[in-house]
Amino acid sequence: MKVLVVDDSGVMRKIIIRSLNAVGVIDIVEAGDGQEAFSLFKSESFDLVLTDWNMPVRNGLELVTDIRSTGSKVPIMMVTTEAQKTQVITAIQAGVTDYLTKPFENDTLRKKLDKYVSVS
Amino acid sequence: MTNVAYECITQSMVVPFIESTKSVFSTMLGSDVVVASEDAGRGNIAFDISGIISFSGSIQGTAVISLEKEVALSIAETLLGTRPTKIDDDVRDLVGELANMIGGNSKERLSNSDVALGLPTVVTGKGHEVSFEPGAQVRKIHFETQWGPIAIEIGMRAPKS
């Protein structure tokens, strides 16, 4: 299973990657913004994308729109501080398949990740 | 004459920041924090590193989380598994993310749907000062953590009409 982790915070990427490692995922590619992530997405094949929302250059919502515009059905989990209902709805309408608000407990993330690992 | 600045921060606006700080530390770090003191007025807190997040929309202002070096290093150690020897990129990044999470969580608790968060910025340096916009009303909240003191400053001003 190959996962693309997108967050402008290197620390947050490390925390997410630690959770991915804990559920057995080691094939991980990192990006610091939506533009870099979409470039990687176009050149490599991923089974899951985890992305922050608020990022410089190109944000997570724009990344989701970019990915869906290619016709890709890859699962995308938004991991963000944006927690208001209207934003969750906006993200889902854009094509997000799962949503996790920061701060989160590692167990919560791992349980969500387990779902994708078990079907891959 | 109404003092607009005085009305920028009410206790009902401060509580979400207190609860958000507690929530972020409890959830991400598995550690409880308690409010040591709270005071109003301007002034700067002299710590080693600060994360700053701005609010725009119906609430306009800035929230600042400030930490001493050793506290920041201890939090980094707790989150990353290894203790940095100095305030490096990881520690700066971490403090920015703390500001981001506290700001985002506070925004949700404030229940103002038209409030937007900026991207976090980080300032370092012993005794650095974070200044708020002219006209902002400032509230300081001092917390005790298991690693030492931290502080949250909130500076709010009336939305531009």
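A residue counts as buried at under 20% relative accessible area, as exposed at over 50%, and as partly exposed in between (1.4 Å probe, protein chains only). By that count, 51% of the 161 residues of chain B are buried.

The model is predicted: local features need pLDDT of at least 70, side-chain atom pairs count only at pLDDT 80 or more, and totals for chains, interfaces and linings use all residues. Side-chain values use heavy atoms, without hydrogens and water, residues are numbered from 1 along each chain as its sequence is written, and chains are lettered from A and ligands numbered from 1 in the order in which they are written.

**View 1. Overall make-up of chain B.** Chain B contains 3 helices and 7 strands. Helices (H or I, at least four residues) and strands (E, at least two) are DSSP runs, numbered from the N terminus. Starting at the N terminus, the order of elements in chain B is α-β-β-β-α-α-β-β-β-β. A contact means heavy atoms within 4.5 Å. Among the contacts in chain B with a separation of 6 or more, 70% come from residues 24 or more positions apart.

**View 2. The open sheet of chain A.** In chain A, 5 strands form an open sheet with parallel pairing, in the order β2-β1-β3-β4-β5. Two strands pair if DSSP finds at least two bridges between them. The edge strands β2 (27–31) and β5 of chain A each pair on one side only. From one strand to the next, the twist averages 15°. Angles run from 0 to 180 degrees between N-to-C directions, and axes are lines fitted to C-alpha atoms, for helices over the stretch in contact. Helix α2 (residues 34–43) of chain A packs on the sheet, where it touches β1, β2 and β3 (48–51) of chain A, and its direction makes about 140° with that of β2(A). Helix α5 (residues 106–119) of chain A also packs on the sheet, touching β3, β4 and β5 of chain A, with its direction at about 165° to that of β5(A).

**View 3. Strand β1 of chain A and its partner β2.** Strand β1 (residues 2–6) of chain A runs parallel to β2(A), and 5 bridges join the two. Leu4(A) has Val29(A) as its bridge partner in β2(A), and Val3(A) stands opposite Ile28(A) in β2(A). β1(A) is mostly covered, with 5 of its 5 residues buried. Lys2(A), Leu4(A) and Val6(A) point one way from the strand, while Val3(A) and Val5(A) point the other way.

View 4. Helix α4 (residues 85–94) of chain A has Gln87(A), Ala91(A) and Ala94(A) as buried residues. Seen down the axis of α4(A), these buried residues fall within an arc of 65°, so they line one face of the helix. The arc is that of the directions from the helix axis to the C-beta atoms. An α-helix has 3.6 residues a turn, so residues three or four places apart point the same way. Lys85(A) and Gln93(A) are exposed, on the face turned away from the buried side of α4(A). The buried residues of α4(A) pack against α3 (60–69), β4 (76–80) and β5 (98–101) of chain A, together with α3 of chain B. Gly95(A) follows α4(A) and has a positive phi, near 125°.

**View 5. Helices α3 and α4 of chain A.** The axes of α3(A) and α4(A) come within 9 Å and cross at roughly 20°. α3(A) is therefore roughly parallel to α4(A). Angles under 35 degrees count as roughly parallel, over 145 as roughly antiparallel, 65 to 115 as roughly perpendicular and the rest as oblique. From α3(A), Leu61(A), Val64(A), Thr65(A) and Arg68(A) meet Thr90(A), Ala91(A) and Ala94(A) of α4(A). The residues of this contact divide into 4 nonpolar, 2 polar and 1 charged. Ala, Val, Leu, Ile, Met, Phe, Trp, Tyr, Cys and Pro count as nonpolar, Asp, Glu, Lys and Arg as charged, and the others, Gly among them, as polar.

**View 6. Helices α2 and α3 of chain B.** The axes of helix α2 (residues 69–80) and helix α3 (residues 89–110) of chain B come within 10 Å and cross at roughly 90°. α2(B) and α3(B) are therefore roughly perpendicular to each other. The contact of α2(B) with α3(B) has 10 nonpolar, no polar and 1 charged residues.

**View 7. Trp147 of chain B.** Trp147(B) lies in the loop between β6 (137–145) and β7 (148–157) of chain B. Apart from residues up to four places away in sequence, Trp147(B) touches Phe25(B), Leu29(B), Ser31(B), Val71(B), Ser74(B), Ile75(B) and Thr78(B).
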